[in-house]
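Let's take a friendly walk through a protein structure. Please have a look at the sequence and the 3D view below, and keep them at hand as you read.

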Amino acid sequence: MYDIIGDIHGEDLKLEDLLHHLGYVPAGSGYKAPSGRQAVFLGDLVDRGNGQRRVLDIVRAMVDDGQALCIMGNHEFNAIGYATEDPSNPGEFLRPNRGDSEKSRKNRKQHGAFISQIGEGSPEHAAWIAWFRQLPPYMDLGGIRVAHACWDDAAVNTLANAGWSPGKPLDDTLLLATHQKGSDLEQARKLLTSGMELALPEGRYIQDKEGHRHYEVRLANWRDWASALHEVALVPSGQEEQIHGLALPEGFNRTPITGTPIFIGHHWFKGQPKIESGKLACLDWSAAAGGPLVAYRWDGEEVLSDDKLVWEGV
């Protein structure tokens, strides 16, 4: 049985409180799961919070001890790119951070807390980047499926066929391929770790809680019942005008979710935690922005329910 845990973003105190709530007990640097259970972390362990090293130590110790599984979030993927030189652009990195462009400034600010706590270029930094490369972009655990931002069978198959799947680390060849703009591998990786996005018309942008401008809007493409963009566009309160007059993208998938339940994070939901449907739960409820750190206690059910959600930190 699995305890699936959403985006932590360096909130070590919330993580430890949640693990205690779930019945996990301290063991070495990590925690031991209750008998018959295992934690599953949905990625985005890093960036933002003050306790990033402690979060990483806990999660890695639990993974190494068989008490937990962990997949890659977009922030772990970005951390790898931030630390890996771009062979086609000497002096710059796959995730640009050396120049004075808007993108480089945003990337430095977003990753600054991690760099400050770990030490850029330090042996510890290199060790964590190597560990991030071991994290798979998805897992099908038989009774449940987990991905950081959304589950997509075609994207899973694309990455698996290229050699990136559970048990196979992200090597340099695959890393470069997943950064190739417009390639099938880049699109598959972005879909699983960052979700579906819709480019906004020129002059429109979404501004996040840290003041960064995003020129795309995230879409809850699992909402198969949706018939209008506002029903799937994940727009911060007060910025709804940025999608005014826009339609659902062509080819938007309205196929109901079938098969085993899906768990995702990534999307910074607000308010009272609840599942999206009987087949999908998003467990990111903005732990690094004053919200709770949320878990789902899965006991083998084929249909999810709100009463299986557990959280700490409100």
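Here is a briefing on pockets, a cavity, a sheet, a helix and a proline. Please bear in mind that this is a predicted model. The largest pocket has a volume of about 1700 Å³, while the second largest pocket has about 330 Å³. There is also one cavity of 30 Å³ or more.

**The largest pocket**

- Several elements each give at least two residues to the lining: helix 3 (74-82), helix 4 (102-118), helix 8 (184-194), strand 10 (213-214) and strand 11 (216-219).
- Helix 4 makes the largest contribution to this lining, with five residues.
- Sorted by class, the lining has 21 charged, 15 nonpolar and 14 polar residues.

**The second largest pocket**

- Here the lining is made of 15 residues, and W151, D152, N253, T255 and I257 lie nearest the centre of the pocket.
- Eight of the lining residues are nonpolar, four are polar and three are charged.

**The cavity**

- The largest cavity holds about 40 Å³ of space.
- Which residues line the largest cavity? They are D47, H75, N78, A79, Y82, R95, N107, Q110 and H111.
- Helix 3 and helix 4 each supply at least two residues of this lining, and the largest share, four residues, comes from helix 3.
- By class, five of the lining residues are polar, two are nonpolar and two are charged.

- Four strands form an open sheet in the order 6-7-12-13, and their pairing is mixed.
- Why is one side of strand 6 and of strand 13 left without a neighbour in the sheet? Strand 6 (138-140) and strand 13 (280-282) stand at the edges and each has a single partner strand, so one side of each has no neighbour in the sheet.
- From one strand to the next, the twist averages 10 degrees.
- As a general point, strands of a sheet pair through backbone hydrogen bonds, and they can do so in parallel or antiparallel fashion.
- In this sheet, strand 12 (residues 262-264) and strand 13 run parallel and are joined by three bridges.
- To find this pair in the 3D view, look for F263, which stands opposite A281 in strand 13.

**Helix 8**

- The buried residues are L185, E186, A188, R189, L191, L192, T193 and S194.
- These buried residues pack against helix 3, strand 6, strand 7 (145-147), helix 6 (153-162), helix 7 (172-177) and strand 8 (196-199).
- After helix 8 comes G195, which has a positive phi, near 85 degrees.

**Proline 26**

- P26 is found in strand 2 (residues 25-27).
- Is P26 buried or exposed? P26 has a relative accessible area of 56%, so this residue is exposed, the cut-off being over 50%.
- Apart from neighbours within four places in sequence, P26 is in contact with H20 and Y31.
- P26 and E16 are 10 residues apart along the chain, and their C-alpha atoms are separated by 9.1 Å.

Conventions
Residues are numbered from 1 along each chain as its sequence is written. This is a predicted model: local features need pLDDT of at least 70, side-chain atom pairs count only at pLDDT 80 or more; totals for chains, interfaces and linings use all residues. Side-chain values use heavy atoms; hydrogens and water are left out. On a 1 Å grid over the protein atoms alone, a cavity is a set of points where a 1.4 Å probe fits but cannot get out, and a pocket is an open set with protein on both sides within 12 Å along at least five of seven lines; lining residues have an atom within 4 Å of a point. Grid points are joined across faces, edges and corners, and a volume is the space filled by probe spheres set on the points. Ala, Val, Leu, Ile, Met, Phe, Trp, Tyr, Cys and Pro count as nonpolar, Asp, Glu, Lys and Arg as charged, and the others, Gly among them, as polar. Two strands pair if DSSP finds at least two bridges between them. Axes are lines fitted to C-alpha atoms, for helices over the stretch in contact, and angles run from 0 to 180 degrees between N-to-C directions. Buried means under 20% relative accessible area, exposed over 50%, partly exposed in between (1.4 Å probe, protein chains only). Contact means heavy atoms within 4.5 Å.
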